[in-house]
Amino acid sequence: MTVRIGVITFPGSLDDGDAARAVRRAGGEPVPLWHAERVLHGVDAVILPGGFSYGDYLRCGAIARFSPVMTELAAAVRKGLPVLGICNGFQILCEAHLLPGALTRNAGLRFVSRDVRLRVESTRTPWTRDYSGGQEITVPLKSGEGAYVADEATLAALEAGGQVVVRYLGASPNGSAAGIAGICDGPGNVVGLMPHPEHAVSALTGPSADGLGFFSSVVSALAGAPADAPAGAPAAPDPGLVPSR
Amino acid sequence: MTSEPDALPSPAPRGDRTGALVSGQDTVARAAATPDRPQPYAELGLTAAEYARIRQVLGRRPTDAELALYSVMWSEHCSYKSSRVHLRQFAEKAPASDALLAGIGHNAGVVDIGQGYAVTFKIESHNHPSYVEPRQGAATGVGGIVRDILAMGARPVAVMDSLRFGPADAADTRRVLPGVVSGISFYGNCIGLPNIGGELAFDRCYAGNPLVNALCVGVMRRGDLKLAAAQGQGNKVVLLGSRTGPDGIGGASVLASATFGDGGDGRESAKRPSVQVGDPFLEKLLIECCLELYGAGLVRGVQDLGAAGIACATAELAAAGTGGMRVRLDDVPLRDGSLGPPEILMSESQERMMAVTAPGDLDRFLGICAKWGVQAAVIGEVTGTGRLEMSWRGETVVDIPPGSAADDGPVYDRPAARPAWQDALTADDPAALPRPGRPAGPGDPAGLRAVLLALLGSPGLAAKTWVTEQYDRYVRGDTVLAMPEDAGLIRVDERTGLGVALATDGNGRYTLLDPYAGTQLALSEAYRNVAATGARPLAVTNCLNFGSPEDPAVMWQFTEAVRGLADGCAALGVPVTGGNVSFYNSTGEAAIHPTPVVGVLGVHDDVRRRLSIGFAGDGAAIVLLGRTRAEFGGSAWAHVVHGHLGGWPPAVDFAAERRLAAVLGQAAQAGMLCAAHDLSDGGLAVALAESCLRGGRGCRVRLPGEEFTFLFSESAARAVAAVRPGSEDSFAGLCSAHGVPAETIGSVGGDSLHVEGCFTVPLAELADVHGGTLPALFG
């Protein structure tokens, strides 16, 4: 079966094309979803891509959460639909209260675009099952408001419940609490992270192909494959490899 | 939803400069009836002769609206009146090229890159606005060049920026630089275009005149080229995007044509209302909206609104079309209802485009605009009258032949004279400067090491990470190379690997010493940078930053630079596709160094074969390509170590550049190399250090001659290459076949930069020195 993964385009979404490409590279079929339509077209999972939805006016993600498509998404999440929010998508999921906490201005008050090392803390989610626990990966981070904050009780609950999915290695590049780069909801289906795994699906155009695991994970999870494939193994040949001559 | 203009920083108050114009309604009928009414043409930047010419064209005095329109259209910025007679050389001397689909005179040049694709690229200055208000000035510079590319029918795919500031440790630089960088970051990141390269330089001469040159490149299918022409009588003229407000009124004539004050006298703040405010979110929507309109075949002609706003868009569309145009200014959506015709025409409100569509397509056209939340208003029609007519509250306020404003502006062949001080400057040879090993004799390893570290840590050569970390390089997923590589490289076709490489270069020190050769060296370096990635250089754009054209010395620099670039492009076989001139970069009497910035675009048939500057693979042989002479005039060493600028710049050798580019391109395609890096500022020593740092690997080299010259000379037409083990003989054969001098000087490996008999610098020390400078200066 072909796994169909929706990618929502909001006004101001920028990385929707990259997310769709990552889905394709992982062997899934990307399905474009439009913010103004209250339909998910029967997709098996949804990605909220990076960008500046609604220009980040008011607060990042604060307007996008009221898009018609988000009503449908919230209902589908209650039925267990896997959802991945990347960067602005993570911000939207927090604003929509599908994930706890919030993203605030970077500690340095500047936009930070940098390749970061992450540790995969949880492999129980459908988006990370292809990684091995504690695996270290390199993916780009590019955001101005990427500092994760939550109250002490929430942070404690995230840690206790295994809801921290990825963590920055070394000093946090943006002042995130406990070095948190990404989290999931209680059941683990909804994952949000600030770094961009969709920009790390090929060594040609990214710092590594380490990010592909997020997309191959959900494809294998939904296709019913056992989670024993090699971590982050590309489902399609890496176009970054120089052809042999 | 649409963007909410009220959510923006509040629009600047209306400048009093144009306030006098809006009192009372001036119409064509009234102008005819009151021929002697005094008009503020001088305030608007027009000379008495230019004003007389307008009266002659119209056979009456202009209305206030017409006067406003001519003042911006005939400004230096829009009319190129001081440069046009010289810029003709780019076309007259252009090498034969079947790659050029649209050249000079269009919004941007268009180049055929094969496989059915065309690319369009252009670089433009936003110098003065960026000094007055660094963040918005730089941001709107990005927005403006992106719309130029969009207007050609292309999807913008990447931006670059070439930045020059006063001394890095000057207080004002700490105001201007972070503001400019944050503006580029804010705007470019938010519209989703990767920033793939550019330049950062510092010199005292830019203290009151920073240079902010923004480049954009776009991609389209070959047949999708759009031209800025209003064709087809009865077709509708639609204004899309932002409402028109009072921001940037007179910017074209005031900011780009008037000499700046001495600074510190409060005049900068008086000009703040002239700088526009950008809304990148709306620009992103405008991009997607226009591309969908193009794709649906609903656009018969299109023009971006930049300098001179509606005045320029209507005049140029009408002048290039088959007939005339009638416009109802009452139908222009306004952000400020008190604006009158002159202000509406001159406003430089951002994020606007003007398109021509057939009446039968209008509903679909407006439907697509609504889908993207882009405001669209029909403001007029294409007519067959040959006149550009505009009405306001039922009366005609503009009635002119559009070509008189768009094409037939004044042209000046201004006096040019080689300045008297030029000879003394070139006679001041840096050979006389003290250098390590002299007079103490050959060697002095400690001195050579100190020079290397001084250069690497100097603001102009230090790591640009502080800047580039604020730019998104990954968005769109096609960035193959970006800073700090020699050139940016964007994949165009994922299936075939087709891509384009872009580099911009300029060196004001070289150009001051010899404007003709200095400009050719900028061209040579950009050409070489593109070739060093393995690409085939194809076309050239340029941004010519100079002082006042009314100064004969500046005009001489300008004419020499243009002649040098035109001759150089002919010699290299790459045509100029378009460009931009920025005059009046002077503070008081002091002009900036003449600073032509040259952008070269090249093609990669398969981006998977690209070359990085980073040394990879221990054991790879390092080969020095090209001939090294003792050339230190205008060099980084003379500048950084001695604060010296004199002598002659390095010799230009286009034949050698072509041979070197051929070797690098063929070696890359054949997979012979694992890295290549062009040699320029700081010479071999700096290039080796950069390649070590980029690849995270050291190297050991032995210099083939006098140490100081081989380490720090800036002779042109040179590069270093790291040869893939096993390819040494074939690469040597290739170099020999092309007559490129090639000397194996060492190999990649270890954790330090080791130059035999001279010095060893651990990579960690190199990284500290190289990386520490900008964060220490800017936080």
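Because the model is predicted, local features need pLDDT of at least 70 and side-chain atom pairs count only at pLDDT 80 or more, while totals for chains, interfaces and linings use all residues. Residues are numbered from 1 along each chain as its sequence is written, and chains are lettered from A and ligands numbered from 1 in the order in which they are written.

Chain A has 5 helices and 11 strands; helices (H or I, at least four residues) and strands (E, at least two) are DSSP runs numbered from the N terminus. The C-alpha trace of chain A spans about 50 × 40 × 35 Å along its principal axes. Of the 245 residues in chain A, 59% are buried. A residue is buried if 20 or more other C-beta atoms lie within 10 Å of its own, exposed if 12 or fewer, and partly exposed in between, with C-beta atoms placed from the backbone. Among contacts in chain A between residues at least 6 apart in sequence, 75% join residues at least 24 apart; two residues are in contact if their C-beta atoms, placed from the backbone, lie within 7 Å.

Strand S1 (residues 4-9) of chain A is mostly covered, with 5 of its 6 residues buried. S1(A) runs parallel to strand S2 (residues 29-34) of chain A, and 6 bridges join them. Two strands pair if DSSP finds at least two bridges between them. From S1(A) the chain passes through helix H1 (residues 16-25) of chain A to S2(A), in a β-α-β crossover that is right-handed. The term means that, with the strands pointing away from the viewer, the path from the first strand over the helix to the second runs clockwise. S1(A) is also joined by 3 bridges to strand S3 (residues 45-48) of chain A, again in parallel. A:Ile5 takes part in both pairings: its bridge partner in S2(A) is A:Pro30, and in S3(A) it stands opposite A:Ala45.

In the loop between S3 and helix H2 (68-78) of chain A lies A:Leu58. Its phi is positive, about 70 degrees, although it is not a glycine. A:Leu58 is exposed, with 12 other C-beta atoms within 10 Å.

Chain B has 28 helices and 28 strands. Its radius of gyration is 26 Å, close to the 28 Å that the globule rule gives for 779 residues, so chain B is as compact as a globular protein of that length. Its C-alpha trace spans about 85 × 55 × 45 Å along the principal axes, and 64% of its 779 residues count as buried.

One sheet of chain B is open and mixed, with 6 strands in the order S14-S15-S16-S21-S17-S18. The edge strands, each pairing on one side only, are S14 and strand S18 (576-582) of chain B. On average, neighbouring strands of this sheet are turned by 20 degrees against each other, direction ignored. Helix H21 (residues 515-532) of chain B packs on the sheet, touching strand S16 (499-505), strand S17 (536-545) and strand S21 (595-604) of chain B, and its direction makes about 25 degrees with that of S21(B). Helix H22 (residues 552-572) of chain B also packs on the sheet, touching S17, S18 and S21 of chain B, at about 175 degrees to the direction of S17(B). For these angles, axes are lines fitted to C-alpha atoms, for helices over the stretch in contact, and values run from 0 to 180 degrees between N-to-C directions.

The loop between S14 and S15 of chain B holds B:Pro484, and the peptide bond from B:Met483 to B:Pro484 is cis, with omega near 0 degrees. In the loop between S18 and strand S19 (586-587) of chain B is B:Tyr584, a residue other than glycine with a positive phi near 65 degrees. B:Tyr584 counts as buried, with 24 C-beta neighbours inside 10 Å.

The contact between the chains takes 27 residues from chain B and 29 residues from chain A. On the side of chain B, the elements that give two or more residues are helix H9 (171-191), helix H12 (280-295) and strand S14 (479-481) of chain B.

Definitions and conventions: Rg over C-alpha atoms; globule rule 2.2 N^0.38 Å.
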